[in-house]
Amino acid sequence: MTEPIATLTDFDRILHSPARLTIVAILSALKEADFTYLQNESGLTKGNLSTHLLKLEEAGYIAIEKTYRGRIPLTLCRLTPHGRAAFDEYRQQMKRFVALTE
Amino acid sequence: MTNQIDDSIKRTMAFWYADGVAELCMGVVFLLLGAVLLVEGPAPRGSTLAAVMPALRYLVIIGGTIGIGVALRYLKLNVTYPRSGFVFYNKPPVKEMIPGIFGAVSLTLMLDQWIQVGMPEKLSWYIWLMAGLTIFFGYLFIAIARQTGFRRIQALAAITIISGMLLGGTGWVAALNDSIRSMLLGPGLFFIAIGTACSVSGAATFRGFMHQTRSGELA
């Protein structure tokens, strides 16, 4: 296996899913965002988004806080320092891979 | 994939300007400032109006800067976010805020110094002021346009630069040599021009955003 291809196998499997990567990329630019915003921006269904958020939370990449705004429930998500570090590393790895294969 | 990641981040950062509220608020402050300068210019020296207007100018600049933040927060929390979903941005690090603070303070001092010291005497001060205003606000809109990729912000940058260049031309100001104070008309009209452009652009974008979210495309 050549080095670039071997690099592929080292990718973070949690982030190496387009849906989860999109969620993390959105959250990386923000302090926090709620479920509705993430759904609008990612284009995922509610169920699908819930599943991916749960996986990211289990990995410790995001923190989810359930709160209220007035009487309306609000599910706020934010990237943890661990998640930000993993995302930064993933981006670097991706850039290295692209540079090697170009 | 790296491009897609970058696009996602860029879109998220640009969301702050997606509803047009920021432009609308900026436009209102620019219009107020322009109106103050237009009234201040022809006011006879020693009159009550001439004494009051500088204080009003400061009030609009300082109050406007604070007011934009308060109005934006209120409108985003009560109008935009309930429709689009709630988003909270990170406060920029102090290091990144320094150029903006420096620019705003410089602009205020430049405007004040120009009016207090240079304006009554020399035409060249007028040219420098218009050049400064054009560069400052032109750069501001170009920076926002680069960050967001919105064409309407690019158009605002173009309108700012064209307005500044046209109003900075000395020909029509020289014609007002009966009262050099009339040179305040230049900056006044400049702020009216960019204020109108910002307000129209912001209002149209806000209308589109409300329509889009009502029809369920976002919400």
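Tutor: This is a predicted model.

Student: What is the pattern of chain A along the sequence, and how many helices and strands does chain A have?

Tutor: The secondary structure of chain A amounts to five helices and three strands. Along the sequence they follow the pattern α-α-β-α-α-β-β-α. The C-alpha trace of the chain spans about 55 × 25 × 20 Å along its principal axes.

Student: In which order do the strands of the sheet come?

Tutor: The order is E2(A)-E3(A)-E1(A)-E1(B), an open sheet of four strands with antiparallel pairing.

Student: How should I read the side chains along a strand?

Tutor: As a general idea, the side chains of a regular strand alternate between the two faces of the sheet. With that in mind, go through the pairings in turn.

Student: How many bridges join E2(A) and E3(A)?

Tutor: Eight bridges join E2(A) to E3(A), residues 72-79, in the antiparallel sense. Ala63(A) stands opposite Arg78(A) of E3(A). Further along, Thr67(A) has Leu74(A) as its bridge partner in E3(A), and Arg69(A) stands opposite Ile72(A).

Student: What lies between E2(A) and E3(A)?

Tutor: The two strands form a hairpin with two residues between them. In the turn, Gly70(A) has a positive phi of about 70 degrees.

Student: Which residue of E3(A) is the bridge partner of Asp34(A)?

Tutor: Leu76(A) is the partner of Asp34(A). E1(A) and E3(A) pair in the antiparallel sense over two bridges.

Student: How does E1(A) pair with E1(B)?

Tutor: Strand E1 of chain A, residues 32-34, pairs with E1(B) in the antiparallel sense, over two bridges. Glu32(A) has Phe88(B) as its bridge partner in E1(B).

Student: How is the size of an interface usually expressed?

Tutor: The size is often given as the accessible area lost when the parts come together. Here chain B and chain A bury about 2,000 Å² between them, with 62% of it on carbon and sulfur atoms. The contact takes 24 residues from chain A and 22 residues from chain B.

Student: How many salt bridges and polar contacts are found between the two chains?

Tutor: Two salt bridges are found across the interface. One of them joins the side chains of Asp6(B) and Arg91(A), at 2.3 Å from N to O. For polar contacts, the count between the chains is nine residue pairs, with both residues at pLDDT 80 or more.

Student: Which elements supply the side of chain B that touches chain A?

Tutor: Helix H1 (2-18), helix H3 (48-84) and strand E1 (87-88) of chain B each supply at least two residues. The largest share, nine residues, comes from H1(B). By residue class, the side of chain B that touches chain A divides into twelve nonpolar, seven polar and three charged residues.

How values were computed: Residues are numbered from 1 along each chain as its sequence is written. Chains are lettered from A and ligands numbered from 1 in the order in which they are written. Side-chain values use heavy atoms; hydrogens and water are left out. Contact means heavy atoms within 4.5 Å. Buried area is the accessible area (1.4 Å probe) that two parts lose on being put together, summed over both. A salt bridge is a side-chain nitrogen of Lys or Arg within 4 Å of a carboxyl oxygen of Asp or Glu. A polar contact is a pair of N or O atoms within 3.5 Å; within protein, one must be able to donate a hydrogen and the other to accept it, and residues adjacent in sequence count only if both atoms are side-chain atoms. Ala, Val, Leu, Ile, Met, Phe, Trp, Tyr, Cys and Pro count as nonpolar, Asp, Glu, Lys and Arg as charged, and the others, Gly among them, as polar. Two strands pair if DSSP finds at least two bridges between them.
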